[in-house]
Amino acid sequence: MPPSSKRAVVFLALLGVVAGLAFALQLRRRGGENRDLAFGRPIDQAAPASLAARRATAAVGERAMQHCRELVALGPRYFGQPGWSKQLDYIVKTLGQHGLAAQRDTWTDRRELITFSNVSATIPGDLPGRVLLACHHDTKCTTGHPIAEHNFDFVGANDGASGVGLLLALAPVLKERRDRATVELVFFDGEESLDFHWNDSRALFGSKRFVRRHLEARARGEEPAITGVVLLDMVGRVDLHIQEDLYSDPELRRLCWSAAVATGHEAKFFRVAEAAKDDHVPFLRAGIPAIDLIDLKGNPYWHTRYDTLEFLSADSLRAVADVVLTMIPNIGPR
């Protein structure tokens, strides 16, 4: 190759690198990776959008509940526990039974020296970009804390199993319906704070890593954009109440409320508005629209020994499934 041609190739390559770095910087500026989030205002519930309701069958709720039973039977499911690896195998196996190839991203955090593992699977659609439907699969570590009352038996039926169970139950439904949007199912690890009380710097390990890797891949032109994130966390309680999370993207909150009204589940949604830090936060900080469907405010079983199967309901899981199925076709470009 002549010297002039070599210089041209090098110049073009440098241009590509500069453009990629500029793109990554632009994405980071949109959200501010280390900037705290401001509370939003509650939406106006008086005028929900008119949406076509999409309903899950009763079998979806029962199937989600059965997944929860099998996951809880594995015992604690946080790093280093036998139930952690068994649950990961269960997720991968179940997705495979529905014809979905699971991808595992396993890494060791350099500061904590803990190994985590995210799992994802993609249901292809026709539109550019993709919608993430996500949950966390780890349970709270309730052993080894310096304060005695922070150590107890914890099986995480709602806080852990309900999100995983519902995502696994929705996987074959979403695959069969084939929304125009590409839907990526993501099971995050390391959501729970390592300290018993919340500590930003020692929590959300899986979602932080996912967002960082996504921004890097976008900068290299290797991944489509994420048009929206719907996070499921604690979605199975008998007396279900999904709060309006005030960190969440306001347009997605409006969409969620409209879907709840369309499916007749408004009594289970948005009676209380309060912010919660969860796996949606790293996406919001990166400028990616995200919403957290979480039953946290006023939940008496959260992070207690009473977060057990007897307080879960297949009907609650099905209600959330209805709302999610109604939301997905309306997220991003249509």
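1. His214 is buried, at a relative accessible area of 4%. Buried here means under 20% relative accessible area, exposed means over 50%, and partly exposed lies in between (1.4 Å probe, protein chains only). His214 sits in helix H5, residues 205-219. Helices (H or I, at least four residues) and strands (E, at least two) are DSSP runs, numbered from the N terminus. Leaving aside residues up to four places away in sequence, His214 touches Arg130, Glu223, Pro224, Ala225, Ile226 and Ile288. Contact means heavy atoms within 4.5 Å.

2. A word on the source. This is a predicted model, where local features need pLDDT of at least 70 and side-chain atom pairs count only at pLDDT 80 or more, while totals for chains, interfaces and linings use all residues. Residues are numbered from 1 along each chain as its sequence is written, and side-chain values use heavy atoms, with hydrogens and water left out.

3. The sheet. Six strands make an open, mixed sheet in the order S1-S2-S4-S3-S5-S8. Strands S1 (103-108) and S8 (290-294) stand at the edges; each has a single partner strand, so one side of each is left without a neighbour in the sheet. On average, neighbouring strands are turned by 20° against each other, direction ignored. Two strands pair if DSSP finds at least two bridges between them. Strands of a sheet pair through backbone hydrogen bonds, either parallel or antiparallel.

4. Strand S5 and its neighbours. S5 covers residues 226-233 and pairs with S8 in the parallel sense, over five bridges. In that pairing, Leu232 stands opposite Leu293, and Asp233 has Ile294 as its bridge partner. Strand S3 (residues 130-136) also runs parallel to S5, joined by five bridges. There, Leu132 faces Val229 of S5 as its opposite residue. Seven of the eight residues of S5 are buried, so this strand is largely enclosed by the rest of the structure.

5. Helix H6 on the sheet. Which strands does helix H6 touch? H6 (residues 250-262) packs on the sheet and touches S5 and S8. The direction of H6 makes about 45° with that of S8. Axes are lines fitted to C-alpha atoms, for helices over the stretch in contact, and angles run from 0 to 180 degrees between N-to-C directions.

6. Backbone points to check by eye. Most residues other than glycine have a negative phi, and most peptide bonds are trans. Leu204 has a positive phi of about 60°. Leu204 lies in the loop between strand S4 (182-188) and H5, and is buried at 4% relative accessibility. Phe270 also has a positive phi, near 60°. Phe270 belongs to strand S7, residues 269-273, and is buried at 5%.

7. Cysteines. How many disulfides are there? The count is zero, where a disulfide is a pair of cysteine sulfur atoms within 2.5 Å. Cys141 is buried at 13% relative accessible area. Cys256 is buried too, at 0%.

8. Cavities. There are three cavities of 30 Å³ or more. A cavity is a set of points on a 1 Å grid, over the protein atoms alone, where a 1.4 Å probe fits but cannot get out; lining residues have an atom within 4 Å of a point. Grid points are joined across faces, edges and corners, and a volume is the space filled by probe spheres set on the points. The largest cavity holds about 70 Å³. Its lining includes Tyr78, Phe79, Phe116, Asp138 and Cys141.

Methods. On a 1 Å grid over the protein atoms alone, a cavity is a set of points where a 1.4 Å probe fits but cannot get out, and a pocket is an open set with protein on both sides within 12 Å along at least five of seven lines; lining residues have an atom within 4 Å of a point.
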